Amino acid sequence: MTQVIDGKRISAEIKDELREKVTQYKEQGITIKLAVIQVGNDPASSVYVNNKKKACAYIGIESLAYELPEETTEQVLLDLIAELNAREDVNGILVQMPLPKHMDEQKVIEAIDKDKDVDGFHPMNVGALSIGRKGFVSCTPFGIIQLLKRSGIEIRGKECVVVGRSNIVGKPMAMLLLRENGTVTICHSATKDLKEVTKRADILVVAIGKPKFITAEYVKEGAVVIDVGIHRNENNKLCGDVDYDSVAPKTSAITPVPGGVGPMTIAMLMYNCVNSVEI
Ligand code: NDP
């Protein structure tokens, strides 16, 4: 029987735990504040930002919203970040990506105080993950570890294959699986015979950015398959990087799209905000 990993349920469970923790913090006089900066009004970014604000309200995190016009200069954004870095009452700073083309995203990420970088994108936090130090971890891969653990899936000693090596998903995913004692292989566009590698996986994480790319012939019988992709098909329906209908019957566990990895990203962003108090 295939276990369908329920990201909605697990993310709700995490948010409830965080809500409880925030209530306890409030009793000790500690409040948590997240600054959310959006530049321009890209509709998808507005949806993400609103969902983040809603999650903050549910958990009891105060959110400070900054909506800057598209033509804002990079310097104005950097000055705002510097001001928020200096504010003792602000625990986390989130700049919604992508930024307008005239801005250097990496420069903006590096301007955020690493101890307020709740997205886990700052090179110091990326480095901390690599060498096993405390720091913020990129939310989507961090959420995938939670999905696996809370679904009773053991990572230790397993053959883990990650397809994709982006800075926000593939690479941190590989580091996290390694931290959990998996044996990890990373695949990318220059990987020779991808199928041969993915078929070795006990745990296959797919973050390739191509709709329904991974079909049944890429998957070993009984594997656990985690689908990070999000796409809208021609009928406006959501689908992932995995061809769910052909792959699911072969797996022991799989994440659906929607309702798998997607809801975990915001839950782990909230986790990072709440835990910023201890960093
Ligand atoms: P990127 O486009 O940054 O990275 C895609 C990766 O896939 C690259 O490393 C690329 O290799 C690799 N790749 C592309 N084609 C092939 C191929 N034919 N064979 C093997 N590897 C290949 O994507 P992201 O990591 O940002 O995102 C991946 C997917 O996850 C997207 O669908 C995105 O929308 C979704 N996503 C979902 C999130 C969520 O919350 N659920 C959060 C973030 C992303 P190379 O490096 O060689 O180019």
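Glutamate 74 and lysine 107 form a salt bridge, with their closest N and O atoms 3.0 Å apart; the term means a side-chain nitrogen of Lys or Arg within 4 Å of a carboxyl oxygen of Asp or Glu. Glutamate 74 lies in helix H3 (residues 74-86) and lysine 107 in helix H4 (residues 105-111), so the pair ties together parts that are 33 residues apart in sequence. Helices here are DSSP runs of H or I with at least four residues, numbered from the N terminus.

Glutamate 74 is buried, at 16% relative accessible area, whereas lysine 107 is partly exposed, at 43%. Buried means under 20%, exposed over 50%, and partly exposed in between (1.4 Å probe, protein chains only).

## Basis of the model

This is a predicted model, in which local features need pLDDT of at least 70 and side-chain atom pairs count only at pLDDT 80 or more, while totals for chains, interfaces and linings use all residues. Residues are numbered from 1 along each chain as its sequence is written, and side-chain values use heavy atoms, leaving out hydrogens and water.

## Other salt bridges

The whole structure holds 14 salt bridges. One of them joins glutamate 278 to lysine 21, with the closest N and O atoms 3.6 Å apart. Glutamate 278 lies in the segment after helix H10 (262-275) and lysine 21 in helix H1 (residues 7-27), so this pair links parts that are 257 residues apart in sequence.

## Around the ligand

A polar side-chain atom of serine 189 lies 2.5 Å from an oxygen atom of the ligand. For arginine 165, a polar side-chain atom lies 2.8 Å from a ligand oxygen atom. Such polar contacts are pairs of N or O atoms within 3.5 Å; within protein, one must be able to donate a hydrogen and the other to accept it, and residues adjacent in sequence count only if both atoms are side-chain atoms.

Note on methods:
Helices (H or I, at least four residues) and strands (E, at least two) are DSSP runs, numbered from the N terminus.
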